[in-house]
Amino acid sequence: MNEFGGNWTENKIEIVVKYAKAYLQVMKDRKYWNLLYFDGFAGSGDISTDEVDVDVMKGTATRILEIKDPREFDIYYFVEKDINLKTQLEESVKNFNKKQAFVVCDDCNARMKTMSEYLKKNKNTKALAYIDPYGMSVNWDSIQSLKSLDIDIWILVPTGIELNRLLKRNGDISDAWLLKLEKFLGLNSETIKNHFYKTRTELTLFGESKIIEKEEDAVDKAALLYKARLNEVFKFVSEPFVMRNSSNSIMYHFMMATNNSTALKIANDVIKPYFK
Ligand SMILES: C[S@@+](CC[C@H](N)C(=O)[O-])C[C@H]1O[C@@H](n2cnc3c(N)ncnc32)[C@H](O)[C@@H]1O
């Protein structure tokens, strides 16, 4: 079972489910569209919490499978890397008796590319994707593979919880971390460093020395950068829902990318009540 992160976990699930219902409402009478729901980090279908009265809550996969009105999705595709969680989800999916529901044990990146190929071949299929990783597990080329396709994608961006932590204050980032940042953002290390660091020249007794300093607002800059990157692949990107921990530090930015202007409007309407 997956662990509950905090109130924002519930908010994030609510946002996806509300959006899915609004999406299905728009598609209600457009039965010629084959609707695919893709969940790249699906979990077990349940989330364990620390709450005394509710020790287990339904995960997103279960809540999406429960939607009957205004219509169901035609295909459900769940990806989960952990074999035990995948098996648990598979058992629970069986109870819903869906005509086409798949649960696969794999890396989300591989299956995003498979989905991209599927959407290219099946032009009557529209997809709604939910990408809910703990950290920087989604490679930029997986996002890039979805360019020009009929897909709305909700993505959790670990701006504070991971990306900002890799950006060492003095700019001395290990090669392994730089590679991770490059794969995640699809940018080279020089561009990444120029974005997050400034160089100041200091006059010392022994001449000039260059001091590298991290920008103060690196987490906000990370969110804006990721949004701008998404905008190179998709026409529109929603406002982000900013998720903070109990100490008010930003952990994630949650946003939706799409090529459809109506979808953008719906996403922004769904997120708005969650802005504090
Ligand atoms: C935040 S949890 C998912 C919670 C779930 N989306 C929900 O709302 O109920 C992330 C899940 O992704 C799985 N995971 C981690 N890395 C993965 C990867 N590269 N590909 C697919 N699944 C992965 C983890 O085992 C974990 O179950």
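Which residue forms a salt bridge with glutamate 213? The partner is arginine 200, with the closest N and O atoms 2.8 Å apart. Glutamate 213 sits in strand β10 and arginine 200 in strand β9 (residues 197-204), so the pair ties together parts that are 13 residues apart in sequence. The model is predicted. A search of the whole structure finds 19 salt bridges.

**Salt bridges**
- Glutamate 213 is partly exposed, at 27% relative accessible area. Arginine 200 is also partly exposed, at 34%.
- Lysine 227 and glutamate 239 meet through their side chains in a salt bridge of 4.0 Å, N to O. This pair links distant parts of the chain, 12 residues apart: helix α9 (residues 218-233) and the loop between β11 (236-237) and β12 (241-244).
- Lysine 227 is buried at 19%, whereas glutamate 239 is partly exposed at 40%.
- Arginine 71 bridges to aspartate 74, with the closest N and O atoms 2.9 Å apart. Arginine 71 is buried at 7%; aspartate 74 is partly exposed at 28%.

**Lysine 214**
- Lysine 214 lies in strand β10 (residues 207-214). Lysine 214 is buried but has no salt bridge. The nearest side chain of opposite charge, glutamate 216, is 8.5 Å away.
- Its side chain makes a 2.7 Å polar contact with the side chain of asparagine 164. A polar atom of that lysine 214 side chain also lies 2.9 Å from the backbone oxygen of leucine 167.

**Helix packing**
- The axes of α7 (residues 175-185) and α8 (residues 189-196) come within 9 Å and cross at roughly 90°. The two helices are therefore roughly perpendicular.
- Leu178, Leu181, Glu182 and Leu185 of α7 make the contact with Ser189, Ile192 and Lys193 of α8.

Methods:
Residues are numbered from 1 along each chain as its sequence is written. This is a predicted model: local features need pLDDT of at least 70, side-chain atom pairs count only at pLDDT 80 or more; totals for chains, interfaces and linings use all residues. Side-chain values use heavy atoms; hydrogens and water are left out. Helices (H or I, at least four residues) and strands (E, at least two) are DSSP runs, numbered from the N terminus. Buried means under 20% relative accessible area, exposed over 50%, partly exposed in between (1.4 Å probe, protein chains only). Lys and Arg count as positive and Asp and Glu as negative; His and the chain ends are not counted. A polar contact is a pair of N or O atoms within 3.5 Å; within protein, one must be able to donate a hydrogen and the other to accept it, and residues adjacent in sequence count only if both atoms are side-chain atoms. Axes are lines fitted to C-alpha atoms, for helices over the stretch in contact, and angles run from 0 to 180 degrees between N-to-C directions. Angles under 35 degrees count as roughly parallel, over 145 as roughly antiparallel, 65 to 115 as roughly perpendicular and the rest as oblique. Contact means heavy atoms within 4.5 Å.
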